[in-house]
Amino acid sequence: MKRAVASAALCCPPANEEADLRPVEGAEADEELAALAKALGHPARVKILRLLVRKTACVCGDIVDELPLAQSTVSQHLKVLKEVGLIRGEVDGPRVCYCLEPRTLRRLRALVGGL
């Protein structure tokens, strides 16, 4: 049990609650929104995010069990989400545990709200 708690603490530290004061309009904001939208452009990635939203701790092998996709395909989708910062993943022994990146989700909401 202690290892699971340690894993959750490593992967999912408390959310950074600092306000993001970057503009929601302009060339940089447009590129950022486009990259985030592209990452969300596949239903499996949306499902992965929904799965992580429902969890209160890091998720390791459960993601593959929840999707009707091969493990390698799920890994590729996780890689895309991680590259844009929507999720983070930490190595925990032989596995990688994933959780949401709340700051990036708040930024996505702000960028969409600025349309």
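These are my notebook entries on a predicted model of one protein chain.

**Ground rules.** I number residues from 1 along each chain as its sequence is written, and I leave hydrogens and water out, using heavy atoms for side-chain values. Since I work from a predicted model, local features need pLDDT of at least 70 and side-chain atom pairs count only at pLDDT 80 or more, while totals for chains, interfaces and linings use all residues.

**Entry 1: layout.** I looked up the elements and found six helices and two strands. Helices are DSSP runs of H or I with at least four residues, strands are runs of E with at least two, and both are numbered from the N terminus. Read from the N terminus on, the order is α-α-α-α-α-β-β-α.

**Entry 2: surface and contacts.** I got an accessible surface of about 7,400 Å² for the chain, with 57% of it on carbon and sulfur atoms. The method is Shrake-Rupley with a 1.4 Å probe; for residues, only the protein chains shown count as cover. Of the 115 residues, 34% are buried. Buried is under 20% relative accessible area, exposed is over 50%, and partly exposed is in between (1.4 Å probe, protein chains only). I also checked contacts, meaning heavy atoms within 4.5 Å. Among those between residues at least 6 apart in sequence, 64% join residues at least 24 apart.

**Entry 3: the core.** I looked for the largest nonpolar core and counted 22 residues in it. Such a core is a set of buried Ala, Val, Leu, Ile, Met, Phe, Trp, Tyr and Cys residues joined through side-chain atoms within 4.5 Å. Ile48, Leu52, Ile63, Leu78, Leu86 and Ile87 have the most contacts inside it. I then took Leu78 on its own. Beyond its neighbours within four places in sequence, Leu78 contacts Ile48, Ile63, Ile87 and Tyr98.

**Entry 4: α3 against α5.** I took helix α3 (residues 43–54) and helix α5 (residues 71–83) as a pair. Their axes are 10 Å apart, at an angle of about 75°. Axes are lines fitted to C-alpha atoms, for helices over the stretch in contact, and angles run from 0 to 180 degrees between N-to-C directions. The two helices are therefore roughly perpendicular, a label for angles of 65 to 115 degrees. Ala44, Arg45, Ile48 and Leu49 of α3 meet His77, Leu78, Val80 and Leu81 of α5. By class I logged six nonpolar, one polar and one charged residues. Ala, Val, Leu, Ile, Met, Phe, Trp, Tyr, Cys and Pro count as nonpolar, Asp, Glu, Lys and Arg as charged, and the others, Gly among them, as polar.

Entry 5: Is His77 buried or exposed? His77 is buried, at 6% relative accessible area. Setting aside neighbours within four places in sequence, I found His77 in contact with His42, Ala44, Arg45, Ile48 and Leu69. Lys82, also in α5, is partly exposed at 39%.

**Entry 6: two loop residues.** Leu40 sits in the loop between α2 and α3 and is partly exposed at 24%. Not counting residues up to four places away, Leu40 touches Val46, Leu49, Leu86 and Leu108. Glu25 is in the loop between α1 (2–11) and α2 and is exposed at 58%. I noted 6.8 Å between the C-alpha atoms of Glu25 and Gly114, 89 residues apart along the chain.

Methods
Angles under 35 degrees count as roughly parallel, over 145 as roughly antiparallel, 65 to 115 as roughly perpendicular and the rest as oblique.
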